[in-house]
Amino acid sequence: MESWAGVAIATLFVLTTALCGLSLGAHGARRGRRLAAAEANHVVMGVAMILMAAPLTADLVVPGVGVLVFGVAAAGWLGVLLTSRLLDEPLGSVIGRDRCTGHPVHLLLVNAAMVVMYVAMRPGGGHDHAMPGMDMPTAPASGTTTLQVAAGLLALYLVGHAIATAVVVTRRAPCPVPDGMVGPAEPAAGPVAVAARPVRVLAHGRVQLVGQAGMGVAMAAMLLLGV
């Protein structure tokens, strides 16, 4: 990946990760623990991808740790999916409404995408020069092909999900935002309410979904350029 591409993708991840973190801070678990866990997962993914994409930090990434962390996360969301199916619980929207989606299938796939990225970064993982500053030997052809197919399918899903999110954003009416609410605390008043207005706007509705779509596109780019 060229250094300019790494900087551009890292910048996009900084913006989208900040949006997820803002929503997590504003809402907490008040609207559902699964949504809060999903947003926390997105924040961790965003930070990890910033480190992978930025040329200055790419050499600090430890692929084995990433494979372990996001492999466990993927297994956890698979467990949530199976439990929800057994208990006949609703899974919610795969797109989301006024926060990043908490649908376990989506979260399973995005964590799987993270695992694929980290596997590609390991010695013999799949390419000569996947991330800025990280030199990696070429893997056997069969392993490389399998990794590239997995990366391509996951990238296709992420792009499709981003397009679907964009369609929802253009068609959906804005979600109402509680006036003066600054997260779990009581409604604020006066200058505090004025200062909190940007937070209320950025932590709700269309802005969050646009951030979700942006993160999906950036992840797809990482998969296609890095594997």
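The crossing of α3 and α4 is left-handed in this predicted model. The two axes come within 8 Å and cross at roughly 160°. Angles over 145 degrees count as roughly antiparallel, and α3 and α4 are therefore roughly antiparallel to each other. The residues of their contact divide into 19 nonpolar, three polar and no charged.

Both helices supply a list of partners. On the α3 side, Phe-70, Trp-77 and Leu-81 are among the residues that meet α4. On the α4 side, the residues met include Leu-108, Asn-111, Val-115 and Tyr-118.

**Helix α3**

Helix α3 covers residues 63-86. Its 24 residues should span 34 Å at 1.5 Å a residue, and its end C-alpha atoms are 34 Å apart, which agrees. Pro-63, Gly-66, Phe-70, Ala-73, Ala-74, Trp-77, Leu-81 and Ser-84 are buried in this helix. These buried residues pack against two helices, α2 (33-53) and α4.

| Property of α3 and α4 | Value |
|---|---|
| Approach of the axes of α3 and α4 | within 8 Å |
| Crossing angle of α3 and α4 | roughly 160° |

Asp-88 lies in the loop between α3 and α4 (104-121). Is Asp-88 buried or exposed? Asp-88 is exposed, with a relative accessible area of 64%.

Note on methods:
Residues are numbered from 1 along each chain as its sequence is written. This is a predicted model: local features need pLDDT of at least 70, side-chain atom pairs count only at pLDDT 80 or more; totals for chains, interfaces and linings use all residues. Side-chain values use heavy atoms; hydrogens and water are left out. Helices (H or I, at least four residues) and strands (E, at least two) are DSSP runs, numbered from the N terminus. Buried means under 20% relative accessible area, exposed over 50%, partly exposed in between (1.4 Å probe, protein chains only). The expected span of a helix is 1.5 Å times one less than its number of residues. Contact means heavy atoms within 4.5 Å. Axes are lines fitted to C-alpha atoms, for helices over the stretch in contact, and angles run from 0 to 180 degrees between N-to-C directions. Angles under 35 degrees count as roughly parallel, over 145 as roughly antiparallel, 65 to 115 as roughly perpendicular and the rest as oblique. A crossing is left-handed if the near helix is turned anticlockwise from the far one by less than a right angle, and right-handed if clockwise. Ala, Val, Leu, Ile, Met, Phe, Trp, Tyr, Cys and Pro count as nonpolar, Asp, Glu, Lys and Arg as charged, and the others, Gly among them, as polar.
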